[in-house]
Amino acid sequence: MTPVTGGVASAQARHACAGATFVAPVLMGLDPNLAIMMSGVATVIFLLATRGRVPSYLGCSLSFVGVAAVIRAQGGTSATVTGAVFVVGVALFLVGVAVQRFGARIIHAAMPPIVTGAVVMLIGFNLAPVTASTYWPQDQWTALLVMLFTGLAVVCLRGFWSRVAIFLGLLFGYGISWLFDRVFGRIHSVDGSGQLTDHWRLDLSGVGQADWVGLPDFHGPSFQWSAILVALPVVIALVAENAGHVKAVGEMTGDNLDDKLGTAISADGVGSMLSTALGGPPNTTYSENIGVMAATRVYSTAAYWAAAGFALLFGICPKFGAVVAAIPGGVLGGITVILYGMIGLLGAQIWTRSGVDLRNPLNLVPAAAGIIIGIGNVTLKFTDTFSLSGIALGTLVVITGYHVLRALAPAHLKAQEPLLDEGTSSYDMGAEGPGEPGERPAR
């Protein structure tokens, strides 16, 4: 295969991450202009911290969407959301420092694959009611068509085009919404605020009013313990994502990057702290980068420097942000059905890659209990003003349940599981081996 030019590679890097980078801040209720700008800044920080050895583009992980939904359902504002995920950034930075000091085995001690997979799964599946009650009802037929188109794109397209299926689904959704408006007129359904009204599926009025050049909206974070406790479990998913990304890139480039794992995790944390301190979403490495590198065989970080530069330019174009903010609810309904499900099933993928034995009750019991609590949004009330529920409670049950049961379990149930840096850290890669990634986590 002939390598493509760095310019084409940078363009593909931008588009491969575009779907989630655009969708995530919209789903979180944050400014998409600021999100894309800070993704560029975070990418620059990451490239500098790793000294160019780990080519990667950083963007908002969809793992945070469920957190934002829960916080807003509890009455939290955008400042509350960014304050909670700022603390996640701090925690991620500290985990990176610990990995630099003690090695990746420290992660396994606290978060073996059974725990990591269960937490990722409950984070993804906890989002199901958001799609069912918020986005899908706004335009069920558009949602259905977008879901089918995106699914076909993921499965039937190959190479680069398969990896930008979410972006293609968004474009298809814009087109079908515009067509339905022209053919059928306004739709009578709930709008984004939940009010039953007659409205256009695709409302681009804000695009015409937006300026071509201008700064995004900044705001400071607000810290509430209830919101922070909801957000902290995402650290587990981010550590798994980072470990998988670094291991996969190392296998593709032939460069052993184990010594950069801690640095990569810390750099993600710093980028997230800076972004959320200004009112943007947190950032993490995107496994879609691996697909781009496999398709182009361009491993130079120059492509990602270029992608970061374009992100900064898009960030100061309010008209671009207005186009992103105009994504119809029905389109989000179709996209999120697939995205949220993929996030949840990534947990099962981690189990499969790591050889987790669910016949072992030591694995089965805490994972089963935590997942049901997370998906069902079960609540444990401590006082009139403090309770744990959903993601936070489910994660607590999985982690504490596993370690307590392991301490009490008979010896024959305590068989050694694969370490994170030898098992789940390669979950990005399929059976094909380096250069041809298989399943990839959704962001």
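This is a predicted model: local features need pLDDT of at least 70, side-chain atom pairs count only at pLDDT 80 or more; totals for chains, interfaces and linings use all residues.

**Entry: α19 and α20**

I looked up helix α19, residues 361-376, together with helix α20, residues 390-408, and found that they pack at an angle of about 165° with their axes 7 Å apart. Angles over 145 degrees count as roughly antiparallel, and α19 and α20 are therefore roughly antiparallel to each other. I also noted that the crossing of α19 and α20 is right-handed. On the α19 side the contact includes Leu 362, Val 365, Pro 366, Ala 369 and Ile 373, while on the α20 side it includes Ile 391, Leu 393, Val 397, Tyr 402 and Arg 406. Sorting the residues of the contact of α19 with α20 by kind, I have twelve nonpolar, six polar and one charged.

**Entry: α2 and α17**

Next I turned to helix α2, residues 32-49, and helix α17, residues 318-325, which pack at an angle of about 115° with their axes 8 Å apart. Because 65 to 115 degrees counts as roughly perpendicular, α2 is roughly perpendicular to α17. From α2 I listed Pro 32, Asn 33 and Ile 36, and these meet Pro 318, Phe 320, Gly 321, Ala 322, Val 324 and Ala 325 of α17. The contact of α2 with α17 divides into seven nonpolar residues, two polar ones and no charged ones.

**Entry: α3 and α4**

Phe 64, Ala 68, Ile 71 and Arg 72 in α3 meet a set of α4 residues made up of Ser 78, Thr 80, Val 81, Ala 84, Val 85 and Val 88. I counted the kinds in the contact of α3 with α4 as seven nonpolar, two polar and one charged.

**Entry: the second largest pocket**

I then asked myself what volume the second largest pocket has. The second largest pocket has a volume of about 600 Å³, and of the 31 residues that line it, the closest to its centre are Gln 138, Gly 192, Ile 327, Gly 329 and Leu 332. Helices α1 (6-28), α3 (63-73), α7 (128-135) and α18 (329-354) each supply at least two residues of the lining of the second largest pocket. I wrote down the make-up of that lining as 18 nonpolar, eight polar and five charged residues.

**Entry: the largest cavity**

The largest cavity has a volume of about 40 Å³, and I wanted to know which residues line the largest cavity. The largest cavity is lined by Gln 74, Ser 226, Val 230, Ser 387, Leu 388, Ser 389 and Ala 392. The elements that give two or more residues to this lining are α12 (225-231) and β6 (387-389), and the largest share, three residues, comes from β6. By kind, the lining of the largest cavity has three nonpolar residues, four polar ones and no charged ones.

Notes. Residues are numbered from 1 along each chain as its sequence is written. Side-chain values use heavy atoms; hydrogens and water are left out. On a 1 Å grid over the protein atoms alone, a cavity is a set of points where a 1.4 Å probe fits but cannot get out, and a pocket is an open set with protein on both sides within 12 Å along at least five of seven lines; lining residues have an atom within 4 Å of a point. Grid points are joined across faces, edges and corners, and a volume is the space filled by probe spheres set on the points. Helices (H or I, at least four residues) and strands (E, at least two) are DSSP runs, numbered from the N terminus. Ala, Val, Leu, Ile, Met, Phe, Trp, Tyr, Cys and Pro count as nonpolar, Asp, Glu, Lys and Arg as charged, and the others, Gly among them, as polar. Axes are lines fitted to C-alpha atoms, for helices over the stretch in contact, and angles run from 0 to 180 degrees between N-to-C directions. Angles under 35 degrees count as roughly parallel, over 145 as roughly antiparallel, 65 to 115 as roughly perpendicular and the rest as oblique. A crossing is left-handed if the near helix is turned anticlockwise from the far one by less than a right angle, and right-handed if clockwise. Contact means heavy atoms within 4.5 Å.
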